[in-house]
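Here's a quick briefing for anyone meeting this structure for the first time. Have a look at the model, then read on.

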Amino acid sequence: VLHGAVDRLRPVLMTALVASLGFVPMAVATSAGAEVQRPLASVVIGGLVTSTFLTLFVLPILYRAVAQWEAKRVD
């Protein structure tokens, strides 16, 4: 689990970073229609940060916990 998480760290971070940076101009826009774009961009950026955290930390922890529980159940 640890090796897999380390292997996926860079690709997941790069993907989330590029997507988040793509929404920054939308998040700081002041032109016409910005009152709709800014909240949308904020929500998307927040979702990307949250999903990145879940993918890199929570999911491997849950996977390991389930694997340990299953190993105890079999023994």
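Thr-52 touches Val-12, Leu-13 and Ala-16, leaving aside residues up to four places away in sequence; a contact here means heavy atoms within 4.5 Å. Thr-52 sits in helix α2, which covers residues 34-74. Before going further, know that this is a predicted model, where local features need pLDDT of at least 70, side-chain atom pairs count only at pLDDT 80 or more, and totals for chains, interfaces and linings use all residues. Residues are numbered from 1 along each chain as its sequence is written, and side-chain values use heavy atoms, with hydrogens and water left out.

**Where the helices meet**

- Is Thr-52 buried or exposed? Thr-52 is buried, with a relative accessible area of 11% (buried means under 20% relative accessible area, exposed over 50%, and partly exposed in between, using a 1.4 Å probe and protein chains only).
- Leu-13, found in helix α1, touches Thr-52 and also Leu-56, again not counting residues up to four places away in sequence.
- Leu-13 itself is partly exposed, at a relative accessible area of 42%.
- Ser-20 is another residue of helix α1, and its relative accessibility of 13% makes it count as buried.
- Which residues does Ser-20 touch, not counting those up to four places away in sequence? Ser-20 touches Ile-45 and Leu-48.

**The overall build**

- The protein chain has two helices and zero strands; these are DSSP runs numbered from the N terminus, with helices being H or I of at least four residues and strands being E of at least two.
- The radius of gyration of the protein chain is 18 Å, well over the 11 Å that the globule rule gives for 75 residues, so the chain is more spread out than a compact globule. (That radius is taken over C-alpha atoms, and the globule rule is 2.2 Å times the number of residues to the power 0.38.)
- Taken along the principal axes, the C-alpha atoms fill a box of roughly 65 × 20 × 10 Å.
- The C-alpha atoms of Leu-13 and Ala-67 are separated by 26 Å, and these residues are 54 apart along the chain.
- Among contacts between residues at least 6 apart in sequence, 53% join residues at least 24 apart.

**Inside and outside**

- The chain exposes about 5900 Å², and carbon and sulfur atoms supply 71% of that. (Accessible areas come from the Shrake-Rupley method with a 1.4 Å probe; for residues, only the protein chains shown count as cover.)
- Leu-17, Leu-21, Val-24 and Val-28 form a nonpolar surface patch, with about 360 Å² of accessible area together. Patches are made of residues with over 30% relative accessible area and no salt bridge, joining like charges within 9 Å and nonpolar side chains (Val, Leu, Ile, Met, Phe, Trp, Tyr) within 5 Å; a salt bridge is a side-chain nitrogen of Lys or Arg within 4 Å of a carboxyl oxygen of Asp or Glu.
- Leu-17 belongs to helix α1, residues 2-27, and is partly exposed at a relative accessible area of 47%.

**The aromatic pair**

- The structure holds one aromatic pair. Phe-53 and Phe-57 form this tilted pair, at 5.4 Å centre to centre with 40 degrees between the planes.
- Rings of Phe, Tyr and Trp (its six-membered ring) pair if their centres lie within 6.5 Å; planes under 30 degrees apart count as stacked, over 60 as edge-to-face and the rest as tilted.
- Phe-53 and Phe-57 are four residues apart in helix α2, so about one helical turn separates them.
- Phe-53 counts as partly exposed at 46% relative accessibility, and Phe-57 is partly exposed with a relative accessible area of 46%.
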